[in-house]
Amino acid sequence: MYESRLEDRRYAMVMEVFSTITSPVFSELVVVLALFETCLPWALLFFEALRTMNEVRPFKLVFLLEVLDFWEAQRELTEALDSATEKGLLEFLGSPPTIRRAQSVPRGWHISTPR
Amino acid sequence: MNDSDLCAVRTIGTSLSTRVATIWYRGKVKVDRLLGDPPGTRITHEQTLHLPYEIMEMIIAHFIHDLDTLKACSLTCCSWYIIVVPHIHHTLTLKRERRGHPNPPPTRARLKPLSKLHQLGLAPLIKEIRVEQRRDMIRWFMPKAFSRCDLRHFSAFANIHTLRLQEPDINLFIPGIKRHFGHFSLTLRSITLYNPHCTPQQLSHFLSFFSNLDDIELRCTVTFYATPTKLVPFSTPAPKLRGRLALYGFRWVETWWHLIASCGGLRFRHIDLREDASCAPILFEACADTLETLRFNVPAASDSEYSSWVHS
């Protein structure tokens with residue numbers, strides 16, 4: 001029940017934000033993963049949201065990892081995306097999603113944001 | 001003459017011939033240098049010792065984030081120093097006091113680097129200014145911190161393109177903004193504000209002062225409201241705002257209303273929204289023709305929801 005509530009909330013937010021984009025030159029959607037735990041609750045609804053977004057406005061999907069252990073996070077995310085691809089959840093994309101590493105904030109300038 | 005004498009004579013002869021050969025070859029090298037090396041040798045010599053200046057610049061550019069290496073490079077030779085010195089003095093940080101410092105320096109001491117840079121003639125090399133302030137300590141970066149001399153030195157920075165301010169008292173700077181920030185108005189391209197202390201309208205007024213501003217980053221973990229003041233429109237042209245907008249927990253929609261009105265619209269090509277999407281609709285509408293990239297994070301659940309989900 002909680003999982004579906006969380007997913008519904010995420011789905012609604014993402015859709016609401018994205019549905020207001022009307023730019024004809026829009027080409028890239030970057031999903032930022034600041035904490036790797038945020039990957040865990042991904043479920044069907046998230047990919048369905050992306051599919052609906054892509055139908056409205058095609059885009060290139062990018063995952064940006066803002067984590068300390070980038071290599072470990074990248075490995076786990078790659079496995080999760082491979083699994084999603086095997087299930088056919090990412091078929092709607094024109095090109096496979098890419099994973100990027102976030103640039104670090106200058107020393108002493110990081111302000112943590114509350115969860 | 002016995003055998004031992006013969007051996008001694010041979011040894012002396014060998015050492016003498018070696019010494020003579022050494023002197024001969026050293027002399028020959030010196031004469032060759034004076035007369036000029038053979039053409040083929042000379043080209044090789046120059047190629048190995050004198051890399052083109054732009055190649056040296058490219059190599060040293062790999063170390064721009066490694067200040068210790070840059071400082072070491074600057075001591076190597078004059079040509080390396082010339083390449084390295086703009087990187088060393090690229091950023092000026094007016095620092096906060098160290099945590100647990102027994103005697104925090106007075107306000108004026110934090111602006112001391114200004115006079116030092118001015119004396120050394122390094123002010124034109126500074127491209128970025130950062131001001132560090134901590135929320136839990138007394139803020140020091142405010143108009144009254146500048147003496148006449150500090151203000152004169154601060155106004156000497158003519159090439160600043162990036163400004164990063166922590167906890168700035170925008171409301172205090174607004175009345176005399178031309179005096180403190182007027183020299184940045186034409187060169188500033190990027191601004192980052194952490195927890196600005198002002199009203200939404202004061203913030204948009206402040207941002208619209210910089211005519212060539214393209215990138216804006218606003219990070220807000222706490223919202224501060226200040227006393228509203230009367231705002232007089234600037235005579236300088238409004239910024240085009242054609243670069244990147246990054247908002248971290250920023251919720252003031254009114255800021256964008258005012259900025260759109262004063263700038264005649266927004267033209268951001270990249271938008272980065274974190275933690276809060278309150279401003280998304282108005283920003284997407286304003287950037288309807290220009291938006292190319294959107295970054296966002298999937299909003300985190302509340303602690304109770306999250307722990308319930310984890311334990312379920």
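**Helix notes**

Modeller: Take helix 3 of chain A, residues 70–86. At 1.5 Å a residue, its 17 residues should span 24 Å, and its end C-alpha atoms are 24 Å apart, which agrees. The expected span is 1.5 Å times one less than the number of residues. Helices are DSSP runs (H or I, at least four residues), as strands are (E, at least two), numbered from the N terminus.

Biologist: What follows helix 3 of chain A?

Modeller: G88(A), with a positive phi near 80°.

Biologist: Where do the models and numbers come from?

Modeller: This is a predicted model: local features need pLDDT of at least 70, side-chain atom pairs count only at pLDDT 80 or more, and totals for chains, interfaces and linings use all residues. Residues are numbered from 1 along each chain as written, with chains lettered from A and ligands numbered from 1 in written order.

Biologist: Chain B now. At what angle do helix 4 and helix 5 of chain B pack?

Modeller: About 150°, with the axes 8 Å apart. That makes helix 4 of chain B roughly antiparallel to helix 5 of chain B (angle over 145 degrees).

Biologist: Which residues of helix 4 of chain B make the contact?

Modeller: L67(B), L70(B), K71(B), C73(B) and S74(B). Contact means C-beta atoms, placed from the backbone, within 7 Å.

Biologist: And helix 11 of chain B, how many of its residues are buried?

Modeller: Seven of the eight, so helix 11 is largely enclosed by the rest of the structure. Buried means 20 or more other C-beta atoms within 10 Å of the residue's own.

Biologist: What do they pack against?

Modeller: Several elements of chain B, including helix 9 (170–173) and strand 4 (190–194).

Key:
A residue is buried if 20 or more other C-beta atoms lie within 10 Å of its own, exposed if 12 or fewer, and partly exposed in between; C-beta atoms are placed from the backbone. Two residues are in contact if their C-beta atoms, placed from the backbone, lie within 7 Å. Axes are lines fitted to C-alpha atoms, for helices over the stretch in contact, and angles run from 0 to 180 degrees between N-to-C directions. Angles under 35 degrees count as roughly parallel, over 145 as roughly antiparallel, 65 to 115 as roughly perpendicular and the rest as oblique.
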